[in-house]
Structure formats: C-alpha cells, structure tokens
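Hi,

Here is the structure I promised to pass on. Have a look at it first, and then read my notes below.

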Amino acid sequence: MRASVLQNPWRILLAVNAAVIIGVFVHKIQLPPYVPYIHLLVDYHFGFIKRALIGAIVALFTAKVPVWLVFALGGVTWLATLALFAKLFQKTFGFAAKTLPLFIFIAGSPFFLKNFMHTLGHFDIYGCALAIILLLMPAGSLLFVATAATFSIVLILIHHIHLLMYVPTIITIVVIRHYLAHGCNRTNVAFGVVALLLVSALFFAAQFVGTMPIPEADFVAYLKSRMADSSRTDLLQFSYIWYQPLAKEIADTWGRLPHNILGVPVFALLIWLHMPVWRYFANLIGALASDMQRRLVIAALVAVSFAYLVMFAMVFDYSRWISNWAVCMFLILHAVKMLPAARQVPLIPADDRATNIFGLIITLIPRVGIVRPF
C-alpha cells in the first residue's frame, strides 16, 4: 500500500492542494479588501464611466455595501469557476487515474485557482469563467460568436484591461471552436469582424471617455454614502484610479520597473516547473491533423502572449498578469484538444519521478501574488 502511494502520489497531491487553498482563503479574509471593495461602490450614477459594471449591478440590490460582500461575491465566483473548470476538464479529458497528473498541474497550479483565491474580489476571474463557458457551449452557430462578443463587452465594462487580458483568449477560442472546426463563410466572417469592431470601440470609449466627470472629493463623498460603514475611509484610498490617465499609469509602471523586474527569474522558474504541461501542449499542437490549424494556433498563442507583454508595459501588477497568462494557456490547451488530431498524444505520465517532483512543488506553492512574486 505504501509503495503504491509513493509511486502514484497524485491523489495525495489533490488533497494537499485542497488544504493549501483553504489556507490561502483564511489568510485572504484577514487582509483589507481595498481595490475589490471600491469596485463594488462605483456605479453609473454620474454617467458612463470605466470599471463600474459590477458596482452598478450591486446597486440594483442594495444601497449600502458591506465589506463582507467582497468575500461573498468573490467566493461565489471562485466556486463557480472551480465547478466550470471541473466540468470542462471532465468533458475534454475525463477524470481517471491517467488524467489526474494533468489535472493537478493545471487546477493545482499556483497560477490558477490558488492565485484567484489570493486575488479574491478582483476582476480577473470573470474573464476566466466566461472563457470556460465558451469552451463548454456548442460552437456551431453564430449564436456562439454573438455570445463571445457579449462576454467581451461585459468584461470590458467590468474593467477595460480585459481587452488585453482575456478578450484575446476569447477570440482564440472562437477561432478554434467555430471558424476552424466549422469553416468560414462570408456571413460568419462579416459577423465576427463587426463584433470585433464593436468590442474595440467600447474599449476606446471606456479608456478615453469613461473618466469620472466630477471632482475627486465629490466622488469620494458619493462612495462614502454607499458604504455600510462610512468610517472605513482607509478602503477609499484607491479612488484616484478613476482619474488617472493612461500616460500616468505607464509612467508609474516604468518607474517601478527596476524593482519589479527582479521577479522575472521567479516567474521563469514557476513557468519551467509546469514543463510537463507545456510539453503535452506542444505535442497536442504538433499532432493536429491540419498544418493550417497548427500554424493558426501558434499564431494565436503569440498574439495572446503579445497582449500580455503590452499589459506588462502599462500596468505593474506583474504577478497577476503572468498568472492570467498561464491560465489563458491552460484554456487554449483545452480548445486545441477539441480539434481533429492525426495521432493520439500521450498524457502526462503518472509514474515519472521528475514529473512527480514538479507536481509536488507546484502543489506546495500557495499562490503567485499580485505585484511581486509571493
């Protein structure tokens, strides 16, 4: 029995991952929810502004926003994302002893659910959840393209940075699941182009027109009127982000670059620890039945990665960005698995010693962080 466990420890690693996630949650609820809380206060009271959709939805149900709502909404969203991913993995690979290593490397990655727990209440996870829904729903009709466009619009209204964070992955999923799998014609290509133009126009409106139209003191006073406990003025210290122009964000990012760039070797190490996943992903791409599909998938991966490079130059939350990049890679992996393959690709081996060591290490890493590693 003991020898069997040592040779195939993946069930134990699954339990350890669950324990680590609980530990991250306990730690998270002890921290002040600065940015996630203020996002629940901001709505469209003063007209169209950026980063206001979630607050506007909350305002439909309550005039006063308690602090615990950050953790309640974030927790429900996290649990929904976990359930969606479990459903996706079951659909794509199934749950069995041979697929458990791949599940551990993805679901147990410090880039994925653990980091979403650490960033509980932030907007990143909404992009992941909506992308998973697109991977689960039928993709044969224009309804799928319209749904993807709607999801992209929702994400940009939540936060316009989603145009770089998850919209490129959503576009990749649409291309793979609809256009590559079901073919292109004049109608669906035109529909997709119009949808892309609408999403892009909304982004520019949010970025350059959706600024707060009143003085910051009046804005803060309004936010206080929506707080269940107006004495918690410390939670309003990030109100300036609704006034900060893009040029100032870029200047702040480059000003912090010499210090934040020190985390790059750590990010590189974390990516390297996922080598069994990347190797399997590369084999999946190499096994595609169509050379054209193979080239398009590689081009899509380059485009998604380039969007994250642009984001790195604009906003300094590096740990979040690298984590979401990895999540996008995991989701695109599932999309590629749905394409026709010329040959069967072996899964991550369950009995390889190096793979087991890598799996243990990523299981024990609780999260990547928000700005700097850990």
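Which exposed residues does the face of α19 turned away from its buried side carry? They are R353 and L364. (Exposed means over 50% relative accessible area, buried under 20%, partly exposed in between, with a 1.4 Å probe and protein chains only; helices are DSSP runs of H or I with at least four residues, numbered from the N terminus.)

Before going on: this is a predicted model, where local features need pLDDT of at least 70, side-chain atom pairs count only at pLDDT 80 or more, and totals for chains, interfaces and linings use all residues. Residues are numbered from 1 along each chain as its sequence is written, and side-chain values use heavy atoms, with hydrogens and water left out.

Back to α19. Its buried residues are T355, N356, F358, G359, I362 and T363.

F374 is partly exposed, at 45% relative accessible area, and has a positive phi near 65 degrees without being a glycine. R51, also not a glycine, has a positive phi of about 60 degrees. You'll find R51 in the loop between α3 (34–41) and α4 (53–59), buried at 10%. Most residues other than glycine have a negative phi.

Last one: S239 sits in the loop between α13 (216–226) and α14 (246–260) and is buried, at 4%. Beyond its neighbours within four places in sequence, S239 is in contact (heavy atoms within 4.5 Å) with I38, E216, F219, V220 and L223.

Cheers

Technical notes:
Helices (H or I, at least four residues) and strands (E, at least two) are DSSP runs, numbered from the N terminus.
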